[in-house]
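The sequence and structure are shown first.

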Amino acid sequence: NHAVIGSVGVESVAVIRREKMKYFIEYTVNGSGKKKRGFIHIDYVQKPTTGNQSYISTGKYYIKNKATGKYLTVRDGSVSQYTYIDQHTFNARRMQEWYVTYDSASGSYTFSPSLDPTMYMDILYGYTEGDGYNAVLWDSSGRFLNRSYYLKKISDNYTYKLLTACSSGVECLDLSYRNSNDNTYTVMRYDEDTPYQEWIFEKAD
């Protein structure tokens with residue numbers, strides 16, 4: 001295999017490890033026979049290449065977990081940064097309303113609370129793959145990858161998985177410890193066959 005790093009042609013590229021949004025690689029410069037090592041930085045949205053990617057219209061929704069029947073909620077109705085996003089019994093209040101917006105350039109979606117559309121559902125410290133990162137509110141100063149999600153269609157009744165862009169679509173929104181209690185945190189976990197990772201979109205308009 002041949003590739004270009006900067007202006008240098010290389011061959012025999014091998015990834016040694018991934019560190020957040022960069023790869024540490026070993027490569028051979030074309031024709032030299034000498035191996036070198038270095039980092040390649042990654043900061044782009046990579047669309048998932050598998051699964052049934054889907055589109056829903058931009059709008060305001062309630063988002064219900066299929067396993068528990070409870071709704072994606074801004075904890076205590078706070079709109080400050082670091083506010084946890086958890087699940088709660090339906091209350092029809094704005095803390096459970098989400099503006100879902102499609103970005104055609106990346107094929108991803110963002111989720112903003114009706115309480116403050118300038119904030120986003122963001123994966124805290126989600127610079128790469130990794131189980132257990134919490135979903136929190138964050139403003140637009142955060143990284144686009146952390147607040148972007150792909151939708152993977154599960155059924156025809158508006159049921160989807162929310163694949164996280166910061167994991168390149170290999171992880172998705174889940175419930176901490178698969179708990180059915182109110183105030184259970186939402187977290188990022190690897191995509192599995194479980195209804196705890198499936199979310200039903202209900203129009204809130």
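Thr159 has Ile200 as its bridge partner in S16. Strand S13 (residues 159-164) and S16 run antiparallel and are joined by 2 bridges. Strand S16 (residues 199-203) also pairs with strand S5 (residues 59-65), in the antiparallel sense and over 5 bridges; here Tyr61 stands opposite Lys203. Strands, at least two residues in state E, are DSSP runs numbered from the N terminus, and two strands pair if DSSP finds at least two bridges between them.

The model is predicted: local features need pLDDT of at least 70 and side-chain atom pairs count only at pLDDT 80 or more, whereas totals for chains, interfaces and linings use all residues. Residues are numbered from 1 along each chain as its sequence is written, and side-chain values use heavy atoms, with hydrogens and water left out.

**Confidence**

The mean pLDDT (the predictor's confidence in each residue, from 0 to 100) of the protein is 82, and 74% of its residues reach 70 or more. Residues 41-46 have pLDDT below 50, and the model gives this stretch 16 contacts beyond near neighbours in sequence. A contact means heavy atoms within 4.5 Å. Over residues 48-52 pLDDT likewise stays under 50, with 9 contacts beyond four places in sequence. Where pLDDT is low, predicted coordinates should not be read in detail.

**Salt bridges**

A salt bridge is a side-chain nitrogen of Lys or Arg within 4 Å of a carboxyl oxygen of Asp or Glu; by this rule the count comes to 9. Three of them are tabulated below.

| Pair | N to O distance |
|---|---|
| Lys66 and Glu198 | 3.2 Å |
| Lys70 and Asp182 | 2.9 Å |
| Lys161 and Asp191 | 2.5 Å |

In terms of relative accessible area (buried under 20%, exposed over 50%, partly exposed in between; 1.4 Å probe, protein chains only), Lys66 is partly exposed at 43%, whereas Glu198 is buried at 7%.

Lys70 is buried at 17%, and Asp182 is partly exposed at 27%.

Lys161 lies in strand S13 and Asp191 in the loop between S15 and S16, so this pair ties together parts 30 residues apart in sequence. The relative accessibility of Lys161 is 4%, which counts as buried, while Asp191 is partly exposed at 29%. Salt bridges that share partners join Lys152, Lys161 and Asp191 into one network.

Asp174 lies in strand S14 (residues 171-175) and is buried, with a relative accessible area of 0%. Its side chain makes a polar contact (a pair of N or O atoms within 3.5 Å; within protein, one must be able to donate a hydrogen and the other to accept it, and residues adjacent in sequence count only if both atoms are side-chain atoms) with the side chain of Gln197, at 3.1 Å. Neighbours within four places in sequence aside, Asp174 is in contact with residues including Tyr185, Arg189 and Tyr196.

Leu115 is placed in the loop between strand S9 (108-113) and strand S10 (119-123), where it is partly exposed at 28% relative accessibility. Its C-alpha atom is separated by 6.3 Å from that of Met95, 20 residues apart along the chain. Apart from neighbours within four places in sequence, the contacts of Leu115 are Val74, Gly77, Val79, Arg94 and Met95.

Methods: Helices (H or I, at least four residues) and strands (E, at least two) are DSSP runs, numbered from the N terminus.
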